[in-house]
Amino acid sequence: MPEQSSARLSLPLWKRVFIALPTAFLAIFFLLPFLVVLQISLSEADFGVPPYRPLFSWAEQGVLQVTLFFRNFTFVAGDALYLAALVTSLKVAAICTAICLVIGYPVAFYIARAPEGLRNLLLLAVILPFWTSFLLRVYAWMGFLNNSGLINNALIWLGLTSEPLQMMRTDGAIYLGIVYSYLPFMILPLYANLQKLDGTLLEAAADLGARPLRTFLHIVLPLSLPGILAGSLLVFIPAVGEFVIPELLGPADNLMVGRVLWNEFFLNRDWPVASAIAMLLLVILVLPIMFLRNTQQAEVRK
């Protein structure tokens, strides 16, 4: 340990600056907001600006008094409405992640094995939706799915239905919007992982008589697990807190964490409860990530 600390102190100034800059960025834009939300979650709601009582106050004789209000967490944990919203958000995010994996894996594998010229075009096609606004793409799906939209008009023109199908304001529209929006986040990490796969391993398996399915299950799939994990996390985490897609495409009675946070912050103005929900959601998401990271590090040490 002393040798490591002395080695860090002996780093050139420019290296220490480059290390300090991202550390300061994370501290200012991630750690500081986290501490602010944690402080609000431990405060008591109040009428005023801001709508919560301060966590720190000065008592008599200049003594600093800290008042921690844990009732927000117990209230959220014991309320069926908030728990139902958490369960619904986790279920929707898990299903969308599984759908993105089923669709994205073969697409990423095909791109990784395509010729270099075609590969660049396919990657461009995957990245191309990011060149337009996220909100604009969701509004485009509203135009496709509504009763007078392109899909219903095409079905009626083809004679497949006599009246418009109800596709807007449904759970299926939520799944469709989330899968469409976050599918590139699954494809790109999988492509980066599969692109590094040694093709001689597949040739050796074929020479030894392994069928394609056996080769995939015993060689390709295990080697692509880091890409699957990275892509799943990139889809699952933002999908849990998604607000725009359920609000614009989903039914009015759909209850997800994003809408609950919006209602508590802006309609009920109960910032402490909303912050407590956000903290509980953060714990639910961070603990599995930390467990998977520790498991991977233990396997690497072996």
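**Figure 1. The annotated domain, residues 86-292.** The UniProt annotation "domain: ABC transmembrane type-1", from an unreviewed entry, covers residues 86-292. The structure shown is a predicted model. Across residues 86-292 the chain is 77% helix and 0% strand.

Figure 2. Under "transmembrane region", the unreviewed UniProt entry lists residues 17-42, 92-112, 118-136, 172-194, 215-240 and 271-292. Two of these stretches are described here. Residues 92-112 are 100% helix and 0% strand, with end C-alpha atoms 29 Å apart. Residues 271-292 are likewise 100% helix and 0% strand, and their end C-alpha atoms are 32 Å apart.

**Figure 3. The largest nonpolar core.** This core has 55 residues. Val-92, Ile-178, Leu-249 and Ile-277 have the most contacts inside it. Helix 8 (residues 171-194) gives the most to the core, with twelve residues. Leaving aside neighbours within four places in sequence, Val-92 is in contact with Ile-174, Tyr-175, Ile-178 and Met-256.

**Figure 4. Helix 5 against helix 8.** Helix 5 (residues 116-127) and helix 8 pack at an angle of about 150 degrees, and their axes are 10 Å apart. Because angles over 145 degrees count as roughly antiparallel, helix 5 is roughly antiparallel to helix 8. The contact is made by Arg-119, Leu-123, Val-126 and Ile-127 of helix 5 and by Pro-184, Ile-187, Leu-188 and Tyr-191 of helix 8. The crossing of helix 5 past helix 8 is left-handed.

**Figure 5. Helix 6 against helix 8.** Helix 6 (residues 134-145) packs with helix 8 at an angle of about 140 degrees, with the axes 11 Å apart. This angle makes helix 6 oblique to helix 8. Helix 6 passes helix 8 in a right-handed crossing. On the helix 6 side, Phe-134, Arg-137, Trp-141 and Leu-145 take part, and they meet Ala-173, Leu-176, Tyr-180 and Ser-181 in helix 8.

Figure 6. Arg-259 is found in helix 13, which spans residues 257-267. Its relative accessible area is 12%. Arg-259 therefore counts as buried, the cut-off being under 20%. Leaving aside neighbours within four places in sequence, Arg-259 is in contact with Phe-243, Pro-246, Glu-247, Pro-251, Ala-252, Asp-253 and Asn-254.

Technical notes. Residues are numbered from 1 along each chain as its sequence is written. This is a predicted model: local features need pLDDT of at least 70, side-chain atom pairs count only at pLDDT 80 or more; totals for chains, interfaces and linings use all residues. Side-chain values use heavy atoms; hydrogens and water are left out. Helices (H or I, at least four residues) and strands (E, at least two) are DSSP runs, numbered from the N terminus. Buried means under 20% relative accessible area, exposed over 50%, partly exposed in between (1.4 Å probe, protein chains only). Contact means heavy atoms within 4.5 Å. A nonpolar core is a set of buried Ala, Val, Leu, Ile, Met, Phe, Trp, Tyr and Cys residues joined through side-chain atoms within 4.5 Å. UniProt positions are given in the numbering used here, feature names are shortened, and annotations may be inferred rather than shown by experiment. Axes are lines fitted to C-alpha atoms, for helices over the stretch in contact, and angles run from 0 to 180 degrees between N-to-C directions. Angles under 35 degrees count as roughly parallel, over 145 as roughly antiparallel, 65 to 115 as roughly perpendicular and the rest as oblique. A crossing is left-handed if the near helix is turned anticlockwise from the far one by less than a right angle, and right-handed if clockwise.
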